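Here is a short report on one protein chain. Look at the model first, then read on.

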Amino acid sequence: MELHLVKLEKKYKMHLNDMMEEWYASGEKIVPFAIAIFDYHDFDNYINCLDTNVEENGFVPYSTFFCLDVERDLFVGAVNIRHYLNESLLLNGGHIGDGVRPSERRKGVATKMIGLALEECKKIGIDKVLMVCDKKNIGSAKSIENNGGVLENEILVDGIVEQRFWISIH
């Protein structure tokens, strides 16, 4: 499986539609939050909202990438990279939010996608990355640990135990 992180462009409009339609049909929460906050049907507006270089309304600068399975020409997931952490993200959120579309889970996509996201973090000067996941999401925790994640602690957020992992990038 050859995966690449790509920025959303017009040539990927159908890739996006296919992935988002599958996710919405599943009834599951779509993650990362950045790909669900705006209406993907309004493509031009959507594409302009996936990245920002300014801090506003509690959001820090971030970049959003889609994970393309090159061999199948298919979006298999997405990552959102926060360029730095504010108080809220330091507690619960972290630098990288990632999600794999329902039909592509349990195939190693998340582990590879996080590895690619870490390369992007390094490009923007982040050398220590915080990732957070629900303690019940064992697959997510394993994907983080497979990329060097070390559990710092567990915290309770809105009745859910969240695990906080740090990854050092060399």
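## Two crossing helices

The axes of α4 (residues 109–123) and α5 (residues 138–146) cross at roughly 45° and come within 8 Å. Axes here are lines fitted to C-alpha atoms, for helices over the stretch in contact, and angles run from 0 to 180 degrees between N-to-C directions. The crossing of α4 and α5 is right-handed.

Which residues of α4 and α5 meet? Ala110, Thr111 and Ile114 in α4 meet Ser143, Ile144 and Asn146 in α5. Contact means heavy atoms within 4.5 Å. By class, this contact of α4 with α5 has 3 nonpolar, 3 polar and no charged residues. Nonpolar covers Ala, Val, Leu, Ile, Met, Phe, Trp, Tyr, Cys and Pro; charged covers Asp, Glu, Lys and Arg; the others, Gly among them, are polar.

## About the model

The model is predicted: local features need pLDDT of at least 70, side-chain atom pairs count only at pLDDT 80 or more, and totals for chains, interfaces and linings use all residues. Residues are numbered from 1 along each chain as its sequence is written, and side-chain values use heavy atoms, with hydrogens and water left out.

## The whole chain

The protein chain has 5 helices and 7 strands. Helices (H or I, at least four residues) and strands (E, at least two) are DSSP runs, numbered from the N terminus. Along the sequence, the pattern is β-α-α-β-β-α-β-α-β-α-β-β.

The C-alpha atoms fill a box of roughly 40 × 35 × 35 Å along the principal axes. With 170 residues, a compact globule would have a radius of gyration near 15 Å, and the protein chain agrees at 15 Å. This radius is taken over C-alpha atoms; the globule rule is 2.2 Å times the number of residues to the power 0.38.

## The four-stranded sheet

An open sheet of 4 strands runs in the order β1-β2-β3-β4, with antiparallel pairing. Two strands pair if DSSP finds at least two bridges between them. β1 (3–6) and β4 (96–100) stand at the edges with a single partner strand each, so one side of each has no neighbour in the sheet. From one strand to the next, the twist averages 25°.

Inside this sheet, β2 (residues 62–69) and β3 (residues 74–82) pair antiparallel over 8 bridges. Tyrosine 62 stands opposite arginine 82 in β3. Helix α1 (residues 13–26) packs on the sheet and touches β2, β3 and β4. Its direction makes about 85° with that of β3. Helix α4 also packs on the sheet, touching β1, β2, β3 and β4. The direction of α4 makes about 150° with that of β4.

## Strands around β7

Strand β6 (residues 150–157) runs antiparallel to β7 (residues 160–168), joined by 7 bridges. Isoleucine 155 stands opposite glutamate 162 in β7. Asparagine 153 has arginine 164 as its bridge partner in β7. β6 and β7 form a hairpin with 2 residues between them. In the turn, aspartate 158 has a positive phi of about 50°.

How many bridges join β5 to β7? Strand β5 (residues 128–134) is joined to β7 by 7 bridges, and the two run antiparallel. Here methionine 131 stands opposite phenylalanine 165 in β7.

Conventions
Left-handed = near helix turned anticlockwise from the far one by under 90°.
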